[in-house]
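This report looks at one residue in a loop, at some aromatic rings and at a pocket. Please keep the sequence and the structure in view while reading.

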Amino acid sequence: MELKAIYQSVEQDLAEVESRIKSVTEVDCSGLAELLKHILLGGKAIRPALTFLSAKFYKYDLDLLLPMATSVELMHTSTLVHDDAIDKSAMRRGRPTVNSLWGEDRAVLLGDYLFAKAGEFAALTGNLRVIRLFSQTLQIISSGELKQTFDAFKLEQSRQRYFERITGKTASLFSLSTQSGAILSRVPEESVRALKDYGTNLGIAFQVVDDLLDFIGSEGELGKPVGSDLAQGTLTLPAMLLLEQYPEENPVRELFNDPDMPEAARQEKIKRAIDMVGNSSVEAECYKVASEYCDKARRGLESLPDKPARKTLVAIADFVLSRKN
């Protein structure tokens with residue numbers, strides 16, 4: 001099922017989020033406005049949708065939920081801007097990145113600006129618990145990204161380290177989305193914990209699939225070159241599994257042991273790794289791991305009231321396993 005169909009119950013509220021994000025581009029500085037208009041384009045909106053849907057079980061207060069849903073989407077966008085600057089990525093969503101057009105310095109400052117704007121929207125909820133959660137999540141995401149930079153081109157990484165890293169850099173924002181919606185709707189603490197766990201497990205599954213698509217997807221679908229993670233020296237689950245299956249003469253090992261190799265040789269190693277993943281059991285194993293986390297996410301919803309939102313959250317877990325970008 002397409003996301004638009006899944007989101008139908010919160011479609012109007014997501015349109016309001018889009019309107020608020022558009023208002024962020026209305027600034028006095030023409031240069032900043034140009035940067036904001038370039039980056040603040042529509043995405044999947046999965047995080048704001050999770051905020052709204054997590055609030056559908058009890059008191060649905062749109063005046064509180066709208067700024068929070070806007071906040072999580074702006075935070076997500078800011079992480080993308082920073083990621084692209086750090087990785088020196090040239091493309092995102094099929095368009096040139098901010099750093100490739102305006103330079104890394106401006107990209108980093110733009111990411112900072114968006115973080116601050118996201119914090120401003122979170123503060124509009126007036127809920128200290130949610131504001132504190134926003135700040136904690138920002139710390140967790142930053143820590144996860146730092147771990148990734150420290151681990152670049154290092155082969156000796158455990159799966160536990162990998163899951164800790166993706167929990168920090170990806171799943172924590174999913175968890176913020178679901179927890180904040182739950183808290184703002186005044187659900188019982190048991191339900192807050194259930195929705196927190198759902199968001200975390202869904203986010204882990206989302207990132208595992210994302211890491212796999214970097215090997216098996218197409219540039220047209222991904223909006224960026226395949227093999228980007230390998231090029232940046234990021235050891236993801238598919239690469240770990242490939243190393244386990246082919247411990248000798250492995251292009252991932254060769255690439256990580258010589259990160260300064262000529263570009264033509266680098267691209268040849270990446271292509272070989274992509275081909276090897278496509279001709280091995282790595283894809284099936286990654287989907288198995290992602291499926292297990294989606295199952296955990298679905299099971300975590302069973303304690304919640306049997307309302308349409310619960311079925312929608314289940315449908316989002318199904319979508320995560322079937323997505324192509």
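Val10 is found in the loop that runs between helix 1 and helix 2. The model is a predicted one. Is Val10 buried or exposed? Val10 has a relative accessible area of 1%, and buried means under 20%, so Val10 counts as buried.

Apart from its neighbours within four places in sequence, Val10 is in contact with Phe52, Leu53, Lys56 and Tyr60. Val10 and Ala309 are separated by 299 residues in sequence, while their C-alpha atoms are 9.7 Å apart in space.

A pair of aromatic rings is described by the distance of the centres and the angle of the planes. Across the whole structure, a search finds 5 aromatic pairs. The table gives two of them.

| Aromatic pair | Centre to centre | Angle between the planes | Arrangement |
|---|---|---|---|
| Phe52 and Tyr60 | 6.4 Å | 45° | tilted |
| Phe163 and Tyr293 | 5.6 Å | 35° | tilted |

The pair of Phe163 and Tyr293 links distant parts of the chain: Phe163 belongs to helix 9 (residues 159-184) and Tyr293 to helix 16 (residues 282-300), 130 residues apart. Both Phe163 and Tyr293 are buried. Together with Tyr162, Phe163 and Tyr293 form one aromatic cluster.

In the other pair, Phe52 has 0% relative accessibility and therefore counts as buried. Tyr60 has 27% relative accessibility, so Tyr60 counts as partly exposed.

Which residue has its charged end over the ring of Phe206, 3.7 Å from its centre? That residue is Arg323. Arg47 also lies over the face of Phe206, at 5.6 Å from the ring centre.

Rolling a probe the size of a water molecule over the atoms shows where empty space is left. The second largest pocket has a volume of about 500 Å³. It is lined by 21 residues, and the closest to its centre are Leu14, Glu18, Gly42, Gly43 and Ala45.

Helix 1 (3-6), helix 2 (11-24) and helix 5 (62-87) each give at least two residues to the lining of the second largest pocket. Helix 2 supplies the largest share of that lining, 6 residues. By type, the lining of the second largest pocket consists of 10 nonpolar, 4 polar and 7 charged residues.

Methods
Residues numbered from 1 in each chain as written. Predicted model: local features only at pLDDT ≥ 70, side-chain atom pairs only at ≥ 80, totals over all residues. Heavy atoms only, no water. Phe/Tyr/Trp six-rings, centres within 6.5 Å; stacked < 30°, edge-to-face > 60°. Buried < 20%, exposed > 50% of the residue type's maximum accessible area, 1.4 Å probe, protein only. Helix = DSSP H or I, 4+ residues; strand = E, 2+ residues; numbered from the N terminus. Lys NZ or Arg CZ within 6 Å of the ring centre and 35° of its normal. 1 Å grid on protein atoms, 1.4 Å probe; cavity = no way out; pocket = protein on both sides within 12 Å on 5 of 7 lines; lining within 4 Å. Points joined across faces, edges and corners; volume = space filled by probe spheres on them. Nonpolar A, V, L, I, M, F, W, Y, C, P; charged D, E, K, R; others polar. Contact = heavy atoms within 4.5 Å.
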